[in-house]
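Subject: Structure handover

Hello,

Here is the structure for your files. Notes on what was found in it follow below the model.

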Amino acid sequence: MSVRVALHSRSFLERGLLLLVILIFLEGTVLTLGAASSPDISAQDNTGGHDHLDDHRGIAGSHVHPNYTKKAFPVLSLDYHHIQVPFEISLWVLLASLMKLGFHLIPQLSSIVPESCLLIVVGLLVGGLIKLAGEEVPPVLDSNLFFLCLLPPIILDAGYFLPIRPFMENIGTILMFAVVGTLWNAFFVGGLLYAVCQIEGTYLSQVELLPCLLFGSIISAVDPVAVLAVFEEIHINELLHILVFGESLLNDAVTVVLYHLFEEYSGAGEVTPMDVVLGVICFLIVSLGGIAVGAIYGILAAFTSRFTSHTRVIEPLFVFVYSYMAYLSAEMFHLSGIMALIACGAVMRPYVEANISHKSHTTVKYFLKMWSSVSETLIFIFLGVATVAGPHAWNWTFVSVTVILCLVSRVIGVVGLTFIINKFRIVKLTTKDQFIVAYGGLRGAIAFSLGYLLDKNLFPMRTMFLTAIITEIFFTVFVQGMTIKPLVDLLAVKKKQEAKRSINEEIHTQFLDHLLTGIEDICGHYGHHHWKDKLNRFNKKYIKKCLIAGERYKEPQLIAFYHKMEFKQAIELVESGGGVKLPSAVPSQVSMQNIQPKKLPPPVAERALPQFTKGREEEIRKILRSNLQKTRQRLRSYNRHTLVADPFEDGWNDFILKKQRLIELEKKVRLADSPSLPPPHPPPLNEFA
């Protein structure tokens with residue numbers, strides 16, 4: 001008992017010391033960042049030029065000014081402005097890392113409050129301390145900083161590790177929520193807000209329709225950063241996670257088009273039917289163009305990684321640079337940068353991972369996780385700091401109606417669209433699923449950055465819009481984000497399975513895919529299983545040969561792998577002292593196959609089932625998946641009146657001849673064994689066909 005008390009007191013003391021260090025660091029950071037927001041460089045401007053001129057004259061040494069006075073050589077000097085920008089960036093990153101470390105050291109707090117809420121509170125405290133110190137709060141959440149530096153790592157991490165199978169299986173539902181749902185939310189919120197503003201007594205009659213629709217398009221989109229931050233903590237099942245997160249990724253194209261459309265025509269005051277047609281065309285160009293740009297850069301990254309076998313150290317660099325180039329290229333043409341990053345990561349991953357080494361794969365994985373985690377932490381901290389920085393224009397009517405309309409439109413949109421979607425889905429979305437999808441529509445820093453980009457001259461209500469956006473973000477992150485986990489537990493919503501699927505499950509999943517493909521071929525119905533099988537065949541026959549180096553595009557065969565395992569077990573048996581010693585050539589073969597000696601195995605009587613390493617288990621999974629029976633493609637539909645033998649089937653005639661010979665042989669054997677019995681009638685030939 002005394003040992004437990006001592007350990008508990010020691011843990012409490014360590015946490016107290018860590019919090020003390022964080023507070024001391026905050027005190028120094030606040031003063032530094034506050035002073036850096038309004039630097040005084042007048043002294044430097046007045047004296048810096050003379051010092052530089054004097055140094056130049058001293059170095060030349062040929063002409064010395066008669067009034068020049070020699071100064072003592074400075075042993076120690078202070079020049080903060082020289083390192084101001086990188087020093088501030090390092091301070092912010094260090095602050096974010098310390099906050100994340102302190103959050104996870106208190107498990108009781110992390111089980112109640114989401115991490116995003118605490119980070120926003122930290123940002124509010126930092127901004128408040130800067131103001132209390134009498135300094136101006138710096139504009140940390142600048143739109144260029146957010147869209148060009150902080151957002152790409154989070155989207156790349158999500159796109160590179162995107163679960164392709166559940167995403168593609170639910171792509172129709174995701175597109176309905178992302179496109180139709182976002183359009184519904186934008187026009188519902190914007191239209192009703194305009195109607196409320198025209199009511200006498202609200203003092204908002206100067207707000208026009210197009211600015212209200214622009215505000216509705218900004219506030220209606222679900223934010224991927226907020227969804228990732230909250231949904232990863234509640235461990236919701238894969239279906240609901242991919243529905244909400246996929247919607248937050250794909251609604252970027254709708255938001256971009258609506259934003260630019262309403263911003264462009266707010267000055268004109270009207271939108272013609274031709275503008276609507278151009279908006280639809282622009283949506284297709286923005287979305288499909290972003291996907292095309294990302295796919296092109298993904299293919300380039302995969303092709304480049306084919307030639308990196310001699311320079312493994314730069315392999316991760318190509319993944320990051322090509323992805324960022326895809327995002328910047330899409331943003332340059334006002335395409336969807338988020339969809340470009342998603343497409344780039346999803347396209348390059350299977351080919352890049354086949355080319356790069358295991359160490360490079362580990363580097364890519366952990367660097368992306370670290371980079372996205374730091375960016376996410378900084379976004380929420382900067383959001384809190386920007387809230388304190390202001391300015392704000394509070395209007396109770398506008399802000400409260402915005403929060404209510406966002407919640408109501410989300411519920412109506414999800415319920416209405418699910419009613420239509422369930423008519424076409426095999427696995428229906430239940431009432432609990434609809435509630436989680438509607439309640440999980442969180443807003444975040446993307447909406448704030450889009451509102452920050454508005455021109456004050458064109459939109460005089462910009463400050464009120466920003467105040468309403470921040471209020472909606474705080475409501476969704478704090479209220480919905482803090483209550484969604486207890487609601488998930490209360491409703492007994494299915495959680496995510498932490499354990500990896502067994503080999504048996506994967507084999508049966510692949511078997512069902514092949515079975516459904518065969519059924520579609522027999523019925524003459526070209527469904528998504530048929531086209532998926534066609535794409536896999538085309539990928540294996542052409543694309544892999546071009547993008548994967550050497551013979552690595554060919555999957556290992558099951559028999560060869562079995563021989564390799566058998567040989568390895570024989571080596572382990574010899575090393576343990578059992579069996580006959582192998583010749584001297586065996587150690588060289590063992591070293592060539594990178595077989596490392598292991599501990600002595602237990603006796604044969606006590607030996608349990610063999611334990612496989614993760615690498616060997618993954619290789620077995622890949623082999624079993626690749627060696628399943630491939631379905632044969634048929635171009636005709638099934639008809640019992642025209643069921644004939646396939647002339648292209650190999651060995652059909654040999655099969656018929658063997659069956660006939662087998663029947664004749666059985667007749668002779670039966671006649672020889674029992675000559676008194678009459679010979680049995682042979683079965684018709686079509687039974688064997």
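H16 covers residues 358-389, 32 residues in total, and spans 46 Å from its first C-alpha to its last. That is close to the expected 46 Å at 1.5 Å a residue, where the expected span is 1.5 Å times one less than the number of residues in the helix. Helices here are DSSP runs of H or I with at least four residues, numbered from the N terminus.

Before the rest, the conventions. This is a predicted model, in which local features need pLDDT of at least 70 and side-chain atom pairs count only at pLDDT 80 or more, while totals for chains, interfaces and linings use all residues. Residues are numbered from 1 along each chain as its sequence is written, and side-chain values use heavy atoms, with hydrogens and water left out.

Salt bridges

A search of the whole structure gives 8 salt bridges, each defined as a side-chain nitrogen of Lys or Arg within 4 Å of a carboxyl oxygen of Asp or Glu.

- Glu247 and Arg410 form one of them, with the closest N and O atoms 2.7 Å apart. Glu247 is in helix H11 (residues 238-250) and Arg410 is in helix H17 (residues 396-421), so this pair ties together parts that are 163 residues apart in sequence. Both Glu247 and Arg410 are buried; buried means under 20% relative accessible area, exposed over 50%, and partly exposed in between (1.4 Å probe, protein chains only).
- Arg312 and Glu315 meet through their side chains at 2.5 Å, N to O. Glu315 is buried at 2% relative accessible area, whereas Arg312 is partly exposed at 30%.
- Arg349 and Glu353 make a salt bridge of 3.1 Å, N to O. Both belong to helix H15 (residues 337-355) and sit 4 residues apart, about one turn of the helix. An α-helix has 3.6 residues a turn, so residues three or four places apart point the same way. Arg349 is partly exposed, with a relative accessible area of 26%, and Glu353 is partly exposed as well, with 28%.
- Arg165, Glu169, Asp513 and Lys532 are joined in a network of salt bridges.

A buried leucine

Leu95 lies in helix H3 (residues 84-104) and is buried, with a relative accessible area of 0%. Its C-alpha is 8.8 Å from that of Leu378, although Leu95 and Leu378 are 283 residues apart in sequence.

Regards

Key: Helix = DSSP H or I, 4+ residues; strand = E, 2+ residues; numbered from the N terminus.
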